[in-house]
Amino acid sequence: MNDISRERSSELFEKAQRFFPGGVNSPVRAFKSVYGTPLFIEKGDGCFLWDADGNKFIDFCCSWGPLILGHNHPSVRENVIDAVEKGMSFGAPTALENELAELILTHNRKVEKIRFVSSGTEAVMSAIRLARGYTKRDKILKFEGCYHGHVDSMLVKAGSGLVTFGETSSAGVPKSFADETIVIPLNDRGAVEQAFKQFPDQIAAIIIEGVPANNGLLIQNKEYIQFLRELSTANRSLLIFDEVITGFRLGFEGAAGYYDIQPDITTYGKIIGGGMPVGAYGASAEIMSNISPEGAVYQAGTLSGNPVAMAAGIGQLSELLRPGFYKELNEKTAAFVASVQQYAADKEYQLTVFSIGSLFWFAFTDRNIQKAEDIDPLSMDKFKIFHRELLNRGIYLGPSGYEVGFISSAHTVDTLENAKRAIFESLDVVYS
Ligand SMILES: *Cc1c(COP(=O)(O)O)cnc(C)c1O
């Protein structure tokens, strides 16, 4: 099959190289680990995307998760237009902030108070500062394979040994910052116990993604999350759920609701802003009272609670509260995933499609994967071919085999049938 035309995208990318490092404003967009130049997107509607060359795709990236209603949903669009007509930003409180907060908090049993920020990274950075301020401890325990935005102290990978201080995974992060981050493997109770033994009364918080979904989809057992809950309580450390992907995705209450486990601090991003740059962190009223101006932990933002962004969030989250929204979305996803898995099994392809809620991840293996180190880097060669074949058949997946796919309510059963056919053909090429 011929490759799609990328003439216009290539021109735009060439020009972009003059302006931006690597030609992009976020690294994964550069298509470094797949074939060809990045596609420049012209527009999106429902579950479809059109690129600058006029190619049309079924979109399984959905802006990396925020677009749970698909592109250009009328509730979001109309709210945004209404807000824009009244002005873009005031740097003063608006009723829209109350409205979005009320929508969230009255339907969430795990969070009492919230603070809006402008990205997931900012939410995590603030949650960590809050945990440190509240516990008066400095160290943070994180897991290898969890991504928490580009916060300095989170750009840390595991060193050698079972429980280690992290090593920085980006230039520009001081070694002394990494020394405050302890990195351990997921799904390993002994490593957590060992960390608390090694650093008694020093760990401010354990931070974990609601479901680790940034380095493959590393679904943890509920019992393990419950164990983290109990161990952090026993050690007077806080448990932070980074729900930037899973919040409003696994259900309105995110992973905390899905597992029915109470975190101490929760971070949100992506879906919460309906496609606009919004993040948030929330906790009990008691913990949140430590945030400035009520408490001593400083955190601020010129554009925090931006009215246009709040309006988009209100438009999107209102739709999610419709009865049966998640049931329908999750069932549609489960059926889609099951038929791809069945096809692979019939053909004896070594493929496992991991899935939870409306997230899925193609892993080119037949092993169960719950830890970062279980992912075989060589399997990414297969993803690279798969990605090219899918693009040629009108399917857009995020340009990295470590990234998960997202299904939105705009993906109809008919469209998913078409997508499946393209996926089957592409798998045949990968395994030919
Ligand atoms: C995307 C993501 C972030 C970072 O959010 P940005 O809005 O990109 O800064 C943090 N944590 C998790 C779990 C994410 O998926």
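In this predicted model, the count of salt bridges comes to 17. One of them joins the side chains of Asp-264 and Arg-229, with an N to O distance of 2.8 Å. The two partners belong to distant parts of the chain, 35 residues apart: Arg-229 is in helix α7 (residues 222–234), whereas Asp-264 occupies the loop between α8 (254–259) and β12 (265–268). Both Asp-264 and Arg-229 are buried.

A second salt bridge has a local setting. Glu-331 pairs with Lys-327, and their closest N and O atoms are 3.0 Å apart. Both residues are in helix α11 (residues 325–346), and because they are 4 residues apart there, about one helical turn separates them. Glu-331 has a relative accessibility of 47% and therefore counts as partly exposed. Lys-327, at 56% relative accessibility, counts as exposed, since the exposed class begins over 50%.

A further salt bridge connects the side chains of Glu-389 and Arg-393, at 2.7 Å from N to O. The relative accessible area of Glu-389 is 6%, so this residue is buried, the limit for that class being under 20%. Glu-389 and Arg-393 also take part in a network of salt bridges, in which they are linked with Arg-388 and Glu-425.

The residues around the ligand are Ser-119, Gly-120, Thr-121, Tyr-147, His-148, Gly-149, Glu-209, Asn-214, Asp-242, Val-244, Ile-245 and Lys-270. Lys-270 instead faces an oxygen atom of the ligand, at a distance of 2.6 Å from an N or O atom of its side chain.

By class, the lining of the second largest pocket consists of 9 nonpolar, 9 polar and 4 charged residues.

The model contains 2 cavities of 30 Å³ or more. The largest cavity holds about 80 Å³ of space, and its lining is made up of Phe-360, Trp-361, Phe-362, Phe-383, Leu-397, Gly-398, Ser-400, Gly-401, Glu-403, Val-404 and Gly-405. Strand β15 (residues 359–363) gives the most to this lining, with 3 residues. The lining of the largest cavity divides into 6 nonpolar, 4 polar and 1 charged residues.

For the second largest cavity, the volume is about 30 Å³. Glu-144, Pro-185, Leu-186, Lys-371, Ala-372 and Glu-373 form its lining. This set contains 3 nonpolar and 3 charged residues, with no polar ones.

Conventions:
Residues are numbered from 1 along each chain as its sequence is written. This is a predicted model: local features need pLDDT of at least 70, side-chain atom pairs count only at pLDDT 80 or more; totals for chains, interfaces and linings use all residues. Side-chain values use heavy atoms; hydrogens and water are left out. A salt bridge is a side-chain nitrogen of Lys or Arg within 4 Å of a carboxyl oxygen of Asp or Glu. Helices (H or I, at least four residues) and strands (E, at least two) are DSSP runs, numbered from the N terminus. Buried means under 20% relative accessible area, exposed over 50%, partly exposed in between (1.4 Å probe, protein chains only). Ala, Val, Leu, Ile, Met, Phe, Trp, Tyr, Cys and Pro count as nonpolar, Asp, Glu, Lys and Arg as charged, and the others, Gly among them, as polar. A residue is near a molecule or strand if one of its heavy atoms lies within 4 Å of it. A polar contact is a pair of N or O atoms within 3.5 Å; within protein, one must be able to donate a hydrogen and the other to accept it, and residues adjacent in sequence count only if both atoms are side-chain atoms. On a 1 Å grid over the protein atoms alone, a cavity is a set of points where a 1.4 Å probe fits but cannot get out, and a pocket is an open set with protein on both sides within 12 Å along at least five of seven lines; lining residues have an atom within 4 Å of a point. Grid points are joined across faces, edges and corners, and a volume is the space filled by probe spheres set on the points.
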